[in-house]
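Please open the structure in your viewer and keep the selection panel at hand.

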Amino acid sequence: MAKRLPRWCCCLLFALLPCTGVADLLVVVSAEAELTRIQRQELKDLYLESRTLRQGRTVVTPIDQSERSRERGEFYRRYIGKTPAQLRAHWARLIFTGRGQPPQTFADSQAVVERLVRDPNALGYIDARFLDERLKVVTVE
Amino acid sequence: MRRQFVWSCAISLAVYSGATMADTSLPSVTLNGFGTLGVVHSDVTNADFVADPLASSGAGYSGEWSAEVDSRLGLQTTLAATSSLSATVQVVSEKRFDGSFSPDIEWAYLQYDATPTLSLRAGRMVQGSFMNSEYRKVSFATPWVRPPAEIYRLVPVANFDGVDLRYRYYLGESINDLRLSYGGGSLEYETGDIESSNSWGVSQHTRWGDTTLFVSYGEVNVRAQELTQFFDVYRLFGPPGEALADRYEVDGKPVRILSVGVNYDPGSWFVEGEWARLSSSTLLGTIESAHMTAGYRIGQWTPYAGVGRARVLSNRFEPGLPSALYPPPLSDAAVLLNGTLNGLLSSSLSQDSSTLGLRWDFRPGMALTVQYDHIDFRSGSPGGLINQQPSFQPGGDMNLFSLALDFVF
């Protein structure tokens with residue numbers, strides 16, 4: 001694990017990088033997966049629409065983190081453009097009309113890593129500190 | 001008895017799902033719920049404002065404030081037997097025509113996913129007549145305390161028992177959902193019931209970036225026991241009576257509903273508009289409605305404002321039977337019938353409304369909304385108010401103040 005920085009140092013970093021809540025957020029898949037890049041709109045569709053089939057390619061299963069994780073807030077803010085409240089309303093519309101359930105949720109980045117390495121069709125996002133050789137970073141275009 | 005059965009099913013599935021929720025293997029059971037605790041105040045004290053036109057009482061005459069207009073609880077459970085076969089039941093408890101809150105089945109269907117983009121369902125479902133129809137009772141999922149009456153009150157029977165087909169397709173960067181449905185349904189109220197049969201609908205939902213487009217067309221054949229009896233009496237008055245019954249009879253004639261909606265939501269703000277037209281060569285006539293709502297999101301707060309309008313395009317007055325042509329007891333009856341017919345014709349939705357609201361998403365899955373509505377009833381329309389007292393004059397205006405706590409889980 002990374003060594004803890006003094007609190008003032010964190011404050012300074014936070015002030016210098018106002019756009020990042022989580023220092024490095026990565027979209028990742030298993031090292032065995034074929035996927036190497038994904039368009040921002042495709043990523044949005046994957047996380048906002050259940051049962052999304054990527055045209056002409058394999059079906060990708062999105063993996064989410066719990067509402068308590070910092071990575072989740074950052075991911076939806078940066079890539080999907082939705083606040084937690086908007087997401088809840090979005091899923092309420094789909095759930096209560098039988099159009100699907102939200103992606104499967106795991107507690108934190110570590111749990112997402114364990115899930116991804118078991119399934120080459122799954123895609124998730126993690127804090128960069130949890131990246132290891134069993135995973136591959138997906139470029140978001 | 002049936003309702004007790006519904007609840008015990010829901011509860012036993014809920015208990016069962018508690019044990020299996022963490023497991024992702026099939027078969028799996030998921031439980032979700034939604035609800036609203038709401039109070040509404042109406043300043044019209046000689047009639048009741050209701051959200052559901054078939055409820056037995058509301059706000060205004062029965063009480064200055066009512067907690068029964070918007071409050072409800074819904075529970076939904078889905079059993080996924082295999083990756084392509086599932087069953088879903090949703091029960092909703094809300095104020096009903098008999099004054100009780102006994103739960104009713106909103107959705108109950110079997111779903112088969114033939115391919116990842118094509119699914120077939122059979123059972124009880126909700127017509128997708130308008131943009132927010134299918135989740136109109138999930139107040140948390142919409143910006144308002146209740147969906148705009150001008151549009152969402154047009155169709156009395158929203159549920160149907162039948163089949164539907166949904167097909168998802170991709171065109172360029174857009175995601176499209178096409179839905180075809182067919183079936184019939186029935187609805188009980190205090191003094192009779194309404195049946196719909198051979199109803200079909202087609203709707204197209206397109207999402208392209210931040211824009212959503214919705215188009216829907218459907219036909220419903222409505223039969224209301226009371227109206228059929230009413231026109232049977234008209235038919236006793238010879239050819240003039242028969243002509244009037246043929247002209248206004250609802251039974252056996254299609255009611256057509258066309259709707260177009262747009263939503264644009266780039267994140268920090270949103271705007272949604274919808275236009276609908278109900279047309280029929282019956283007593284229900286032809287009505288055109290539209291509404292538009294815009295909102296701005298500031299952190300947990302969403303202030304919003306909207307306007308709505310409904311207009312009756314068909315005739316709202318009918319001279320009726322020439323009562324002078326009939327001998328005394330019959331002429332009185334003719335006057336009475338004509339009065340009732342004109343009362344029904346003028347009760348069609350014709351109003352302008354403006355809405356101001358503020359929603360506070362104070363914690364995940366919970367929101368508190370305050371809303372103010374000003375409604376102008378046009379040309380003698382009673383605006384769907386019920387329990388009208390002798391002092392009530394149609395065609396006035398009404399102010400509503402609502403407070404609602406919405407939740408989903």
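What is the mean pLDDT of chain A, and what share of its residues reach 70 or more? In this predicted model, the mean pLDDT of chain A is 81, and 77% of its residues reach 70 or more. Select residues 10-20 of chain A, over which the pLDDT is below 50, and where the model shows one contact beyond near neighbours in sequence. Where pLDDT is low, the predicted coordinates should not be read in detail.

Next, select the contact between the two chains, to which chain A contributes 22 residues and chain B contributes 25 residues. On the side of chain A that touches chain B, the elements giving two or more residues are α2 (40-48) and α4 (84-95) of chain A. Of the elements on that side, α4(A) gives the most, with seven residues. If you colour this side of chain A by residue class, you will find eight nonpolar, seven polar and seven charged residues.

Stay with chain A and select helix α5 (residues 109-117), in which A:Ser109, A:Val112, A:Val113 and A:Leu116 are buried. Looking down the axis of α5(A), you will see these buried residues fall within an arc of 105°, so they line one face of the helix. An α-helix has 3.6 residues a turn, so residues three or four places apart point the same way.

Now move to the largest nonpolar core, which has 44 residues, and centre the view on B:Leu154 and B:Leu278, the members that touch the most others. Leaving aside neighbours within four places in sequence, B:Leu154 is in contact with B:Ile257, B:Ala276, B:Leu278, B:Ile287, B:Ser289 and B:Leu349. Another core, of 17 residues, lies apart from this one, and includes A:Val60, A:Val112, A:Leu116 and A:Ile126.

Select B:Asn198 in strand β11 (residues 192-208) of chain B, where phi is near 45°, a positive value in a residue other than glycine. Is B:Asn198 buried or exposed? B:Asn198 counts as exposed, because it has 12 C-beta neighbours inside 10 Å. Then select B:Asn387, in the loop between β18 (366-377) and β19 (397-408) of chain B; its phi is positive too, near 50°. B:Asn387 is partly exposed, with 16 other C-beta atoms within 10 Å.

Technical notes
Residues numbered from 1 in each chain as written. Chains lettered and ligands numbered in written order. Predicted model: local features only at pLDDT ≥ 70, side-chain atom pairs only at ≥ 80, totals over all residues. Contact = placed C-beta atoms within 7 Å. Helix = DSSP H or I, 4+ residues; strand = E, 2+ residues; numbered from the N terminus. Nonpolar A, V, L, I, M, F, W, Y, C, P; charged D, E, K, R; others polar. pLDDT = per-residue confidence, 0-100. Core = buried A, V, L, I, M, F, W, Y, C linked by C-beta atoms within 7 Å. Buried ≥ 20, exposed ≤ 12 C-beta atoms within 10 Å, placed from the backbone. Arc of directions from axis to C-beta.
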